[in-house]
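Trainee: I want to go through the terms used for this model and hear what each one rests on. Please set every value against its definition.

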Amino acid sequence: MKIAISGKSGCGNSTVSRLVAKRLGYRLVNYTFHSVAQELGVSFDEMCEMAEQDDKWDRYVDRRQVEMARRGDTVLGSRLAIWVLDDADFRVYLDAPTDVRASRIQRREGGTFEEVRDKTGERDQRDHDRYLRLYGINNNDFGFVDLVIDTQDLTQDEVADRIVRAAEERGARD
């Protein structure tokens, strides 16, 4: 079974995907610009600059994620997982209001709430514009998924529990 989990920054994508994979005994695919930077021996900031200059890096990361996710029972957690893993057996979208996501990011990374909220909104818009340009994907349109979870009042464990239960109802094995 291939499970795709997506959501905007601060929704808990990475942590929830890791928890779901662990609970189900599935392989986690979490291949990002951090991974590519390490492979190339460059800093993350350098990798981001390279990606801003050339779309090939976005396409490379997304293609590699899909290739890795197609190798057996997998949880792919990424911003675009539910769109790019076209043969996913179960698609989940994690949602939360901008203020909630910004608060989580602030706790994790620091800064003032206002600065983080503004940066989160700007990042959301940049991501949205980039996904539309690169793939024709509107990441605000996730109505086709199997499960949408509003994460604002849930812990990461509670979110993972809901996904695992729903996946098991669909035939996931642990």
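Mentor: Start with isoleucine 3, which stands opposite phenylalanine 90 in β4. The model is predicted: local features need pLDDT of at least 70, side-chain atom pairs count only at pLDDT 80 or more, and totals for chains, interfaces and linings use all residues. Numbering runs from 1 along each chain as its sequence is written, and side-chain values use heavy atoms, without hydrogens and water.

Trainee: What makes β1 and β4 a pair?

Mentor: The two are joined in the parallel sense over five bridges. Pairing requires at least two bridges found by DSSP, so the term applies. Strands themselves are DSSP runs of E with at least two residues, and helices are runs of H or I with at least four, numbered from the N terminus.

Trainee: How do you know that β4 and β5 pair?

Mentor: Strand β4, residues 90–95, pairs with β5 over four bridges, again in the parallel sense. Valine 92 stands opposite leucine 147 in β5, and aspartate 95 has aspartate 150 of β5 as its bridge partner.

Trainee: Why are β2 and β5 called edge strands?

Mentor: The sheet is open, with five strands in the order β2-β3-β1-β4-β5 and parallel pairing. Strands β2 (27–29) and β5 (147–150) each pair on one side only. On average, neighbouring strands are turned by 20° against each other, direction ignored.

Trainee: Why is β4 described as largely enclosed?

Mentor: Five of its six residues are buried, so β4 is largely enclosed by the rest of the structure. Buried means under 20% relative accessible area, exposed over 50%, and partly exposed in between, with a 1.4 Å probe and protein chains only.

Trainee: What makes glutamine 65 buried?

Mentor: Its relative accessibility is 4%, so glutamine 65 counts as buried. The residue is found in helix α4, which spans residues 56–69 and lies across β1, β2 and β3 at about 170° to β2. Such an angle is taken on a scale from 0 to 180 degrees between N-to-C directions, with axes fitted to C-alpha atoms, for helices over the stretch in contact.

Trainee: What does the side chain of glutamine 65 reach?

Mentor: That side chain reaches the backbone oxygen of tyrosine 31 at 2.6 Å. A polar contact is a pair of N or O atoms within 3.5 Å; within protein, one must be able to donate a hydrogen and the other to accept it, and residues adjacent in sequence count only if both atoms are side-chain atoms.

Trainee: Which residues does serine 78 touch?

Mentor: Not counting residues up to four places away in sequence, serine 78 touches Ile5, Ser6, Gly7, Asn13 and Gln65. Contact here means heavy atoms within 4.5 Å. Serine 78 sits in the loop between β3 (74–77) and α5 (81–84), and its side chain reaches the backbone nitrogen of alanine 81 at 2.9 Å. With a relative accessible area of 9%, serine 78 is buried.
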